[in-house]
Amino acid sequence: MAAADTLRVASYNTELSRRGPGLLLGAILGGKDEQVAAVVQVIAAARPDILVLQGIDHDAEGRALAALADRLDRAGLAYPHRFALAPNRGVRTGLDLDGDGRPGGPGDAQGFGYFTGQEGMAILSRFPIRADAVRDLSGLIWADMPGAVLPMRAGRPFPTAAAQAVQRLSATGHWDVPVQVGDTVLHLLAYHATPPVFDGPEDRNGLRNRDELRLWLRYLEGALPGPPPPGDRFVLLGDANLDPVDGDGHGAAMRAVLADPRITDPAPRSAGGRAAAGQGGANAAHRGDPALDTADWDDDGPGNLRVDYVLPSADLAVVGAGVLWPDGGPLAETVAVASRHRLVWVDIALP
């Protein structure tokens, strides 16, 4: 529990997304969906002051997010301030972006999705969100990012130069969202990256995942067009889909962020993650500390990995951090029902 003089900031990939528009809203309002109930219990157990959600379907009226907030309110956790933008997932392009020769599929959207708004992001906060000052970087074309590395096959742009000319870098979104906490403005640098798998030797998803993370470093350096970035009092958080040492992807990009002097890595841990390493399979070959893991994936696949992060700027005083992953008990069962991802939280001392 956060103390009275601290601010608890959390990130949680709920995996609540459904396969059609409106289905998530129906599941929340119906009151009988076990996963929805489990997600509510997990959030209520962590009690964050500011929560960035991934894996929640977006609708223009914000009904699903409002319904989830109402469920949390009934659980004793009020979030009067809410924010969401339409994600890139499911936004149709009319082109073959994934190189399978068939335009119009979910992989040909700006971000993988069966419908516009699928698997979006949202923010719930006890404190006012300065929506008028939000900076949305989600429209940045991948090729326009400084230092971008684009996929190639047989010496040619993959899948085509025309596709690369319209392909946005953000699979879901990159937002700089200011939150007014007393006299302090805290910037949330929120995102949800594409998985660095499900592609071929051109490494399209792996390269995109790496550049989605590198975008934040370029942003903090002031290398992107637009207003200057926050120099301090920010938190970089979300689902990076990238472990610094294990699993697929360009782990060096994650290690570079964790070592950046502008950023603090509180290294949140859990007893459940440590215990789950004994499941065997892919976990047996992992080199990272299993207590840092935030996702409980198939043991015959990638295994458990650290892919969810809450990284405060170096000027913020961290007084606590953790991954909500108990080692046994009723809450552990609830956590497993809710999502393969675990909620990650960090307590920051208020100025």
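In the predicted model, alanine 143 is placed in the loop that runs between β5 (135-136) and β6 (152-153). Its relative accessibility is 38%, and alanine 143 therefore counts as partly exposed, since that class lies between the limit of under 20% for buried residues and that of over 50% for exposed ones. Leaving aside residues up to four places away in sequence, alanine 143 touches Leu150 and Gln164. The C-alpha atoms of alanine 143 and alanine 165 are 6.9 Å apart in space, although 22 residues separate the two in sequence.

When residues up to four places away in sequence are not counted, valine 307 touches Gly238, Asp239, Ala240, Asn241, Leu242 and Asp243, together with Thr294, Ala295, Trp297 and His341. Proline 157, which stands 150 residues from valine 307 along the chain, has its C-alpha atom 29 Å from that of valine 307.

The largest nonpolar core comprises 31 residues, of which Tyr12, Ile43, Leu51, Leu53, Leu124 and Leu343 touch the most other members. Two or more residues are given to this core by each of β1 (6-13), α1, α2 (34-46), β2 (50-56), α3, β4 (120-125) and α8 (330-338), and α2 gives the most, with 7 residues. For leucine 53, the contacts beyond four places in sequence are Tyr12, Thr14, Ile43, Leu65, Leu68, Gly120, Met121, Ala122 and Leu124.

The packing of helices was then examined, two packed helices being described by the angle between their axes and the distance between the axes. For helix α1 (residues 23-30) and helix α3 (residues 63-74), the axes come within 9 Å and cross at roughly 20°. The two helices α1 and α3 are therefore roughly parallel to each other, as angles under 35 degrees are placed in that class, and their crossing is left-handed. On the side of α1 the contact is made by Leu24, Leu25, Ile28 and Leu29, and on the side of α3 by Arg63, Ala64, Ala67, Leu68 and Arg71. Sorted by class, this contact of α1 with α3 has 7 nonpolar, no polar and 2 charged residues.

Helix α3 also packs with α2, at an angle of about 60° and with the axes 10 Å apart; α2 and α3 are therefore oblique to each other. The crossing in which α2 passes α3 is right-handed. Here Val36, Ala37, Val40 and Ile43 of α2 meet Leu68, Arg71 and Leu72 of α3, and the contact has 6 nonpolar, no polar and 1 charged residues.

A further partner of α2 is α8, the axes of these helices lying 8 Å apart at an angle of about 125°, which makes α2 oblique to α8. In this case α2 passes α8 in a left-handed crossing. The residues of α2 that take part are Glu34, Gln35, Ala38, Val39, Gln41, Val42 and Ala45, and they meet Leu331, Thr334, Val335, Val337 and Ala338 of α8. By class, the contact of α2 with α8 has 8 nonpolar, 3 polar and 1 charged residues.

Technical notes:
Residues numbered from 1 in each chain as written. Predicted model: local features only at pLDDT ≥ 70, side-chain atom pairs only at ≥ 80, totals over all residues. Heavy atoms only, no water. Axes fitted to C-alpha atoms, helices over the stretch in contact; angles between N-to-C directions. Helix = DSSP H or I, 4+ residues; strand = E, 2+ residues; numbered from the N terminus. Parallel < 35°, antiparallel > 145°, perpendicular 65-115°, else oblique. Left-handed = near helix turned anticlockwise from the far one by under 90°. Contact = heavy atoms within 4.5 Å. Nonpolar A, V, L, I, M, F, W, Y, C, P; charged D, E, K, R; others polar. Core = buried A, V, L, I, M, F, W, Y, C linked by side-chain atoms within 4.5 Å. Buried < 20%, exposed > 50% of the residue type's maximum accessible area, 1.4 Å probe, protein only.
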